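The sequence and structure come first.

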Amino acid sequence: MFQNRETRETTRIVARHSNMSRPTGEALYKKYSLFADGNDWRRFVPIALLSIGAALTLSGIVFFFAYNWQDLPKAAKIAMVQVLMIATACYGIFSSGNKTAKNIALMAASILTGALFAVYGQIYQTGADAYDFFLGWAVAIAIWVLVSGFPPLWALELILLNLVTVLYAEQSNIEWDTSTLSLILFILNAVPLLILETLRYFKKLPEHSSWMLKATAVAAVIAITTTAIHIIFSRENESATTATWLFIVVLFPLAMWHSFRQRELFYLALIPFGIIIIITASFLKGIDDGGPATLFLAGVFVIGSITALTYNLIRLNRKWHGAEQNN
């Protein structure tokens with residue numbers, strides 16, 4: 001597939017905006033894999049069918065236990081999940097088959113690990129808090145997450161860690177205010193994002209995993225934006241306030257500069273959108289003092305800023321990636 005994005009983009013632009021003949025253009029498209037050929041489809045279809053089959057099988061297992069819960073002996077419930085988990089894990093670790101199939105097997109084993117924790121907790125009514133369940137699940141699959149290099153497993157682990165953090169704040173006796181919790185969630189997502197960006201810089205990021213990087217970035221920006229909004233309306237924690245504005249002042253420009261250098265619009269769209277939300281929250285905070293005039297100014301600011309942001313994104317996209325918008 002695509003090993004050189006600039007070559008791919010250059011080929012596409014030249015083929016579209018020159019008097020190149022159709023056969024020559026098709027030859028170039030095939031040479032640089034600009035569209036899928038038969039081999040690509042032969043690789044894609046088994047992976048898609050395997051993923052769908054694994055998802056349907058896992059769903060079937062869950063419904064099987066739900067429907068037969070009262071009729072199954074306790075030992076049988078645990079043994080069945082254990083056997084399935086061990087079988088899929090052994091295939092994912094020890095088989096010599098396709099790497100994607102092995103990773104999907106590890107993904108299934110990871111989900112079955114969570115099912116095993118849930119079945120055990122339901123049978124013996126352990127009384128553990130929900131964050132204990134998710135923490136045990138995250139720890140149990142951590143080694144598979146590290147060795148697999150499979151982005152969906154990374155995403156599962158990150159989701160579990162976010163759930164652990166939120167549920168721990170709700171169910172334990174620790175006193176975290178909203179801004180502190182949001183700030184911790186930001187750090188929890190920003191650190192993996194930094195690791196993913198580093199892997200991409202050294203070209204070690206697995207193929208087709210940019211969605212993981214973008215999803216992590218969205219989660220981090222949502223967390224820091226939520227923190228900033230809460231601080232604007234309620235300054236409960238001076239330490240969290242200082243740390244939040246420091247992160248925003250340092251990391252937001254740094255991410256935009258990185259995006260500008262890479263000629264990518266993602267951070268240039270995501271971060272200004274977060275800034276617009278934060279500034280709009282500042283306007284709304286002043287409604288009590290400014291009245292309807294402040295609300296009017298907030299509306300004007302949102303319309304003007306979104307318009308300016310959209311205009312500049314279109315201009316940059318046209319400058320960096322050709323004029324496909326003209327079509």
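## Conventions

Helices (H or I, at least four residues) and strands (E, at least two) are DSSP runs, numbered from the N terminus. Residues are numbered from 1 along each chain as its sequence is written. The model is predicted: local features need pLDDT of at least 70, side-chain atom pairs count only at pLDDT 80 or more, and totals for chains, interfaces and linings use all residues, while side-chain values use heavy atoms, with hydrogens and water left out.

## Confidence

The chain has a mean pLDDT (the predictor's confidence in each residue, from 0 to 100) of 85, and 89% of its residues reach 70 or more. Among the elements, the lowest mean pLDDT, 66, belongs to helix H1 (residues 5-16), and the highest, 93, to helix H8 (residues 151-171).

## Helices H3 and H5

Helix H3 (residues 38-68) and helix H5 (residues 99-124) have axes that come within 10 Å and cross at roughly 15 degrees. H3 is therefore roughly parallel to H5 (angles under 35 degrees count as such). Axes here are lines fitted to C-alpha atoms, for helices over the stretch in contact, and angles run from 0 to 180 degrees between N-to-C directions.

The contact (heavy atoms within 4.5 Å) includes Ile 47, Leu 50 and Ser 51 of H3 and Thr 100, Ala 101 and Ile 104 of H5.

## Thr 216

Thr 216 lies in helix H10 (residues 210-233). Thr 216 is buried, at a relative accessible area of 2% (buried means under 20%, with a 1.4 Å probe and protein chains only). Leaving out residues up to four places away in sequence, Thr 216 touches Leu 158, Asn 189, Pro 192, Leu 193 and Leu 196.

Notes
Parallel < 35°, antiparallel > 145°, perpendicular 65-115°, else oblique. Buried < 20%, exposed > 50% of the residue type's maximum accessible area, 1.4 Å probe, protein only.
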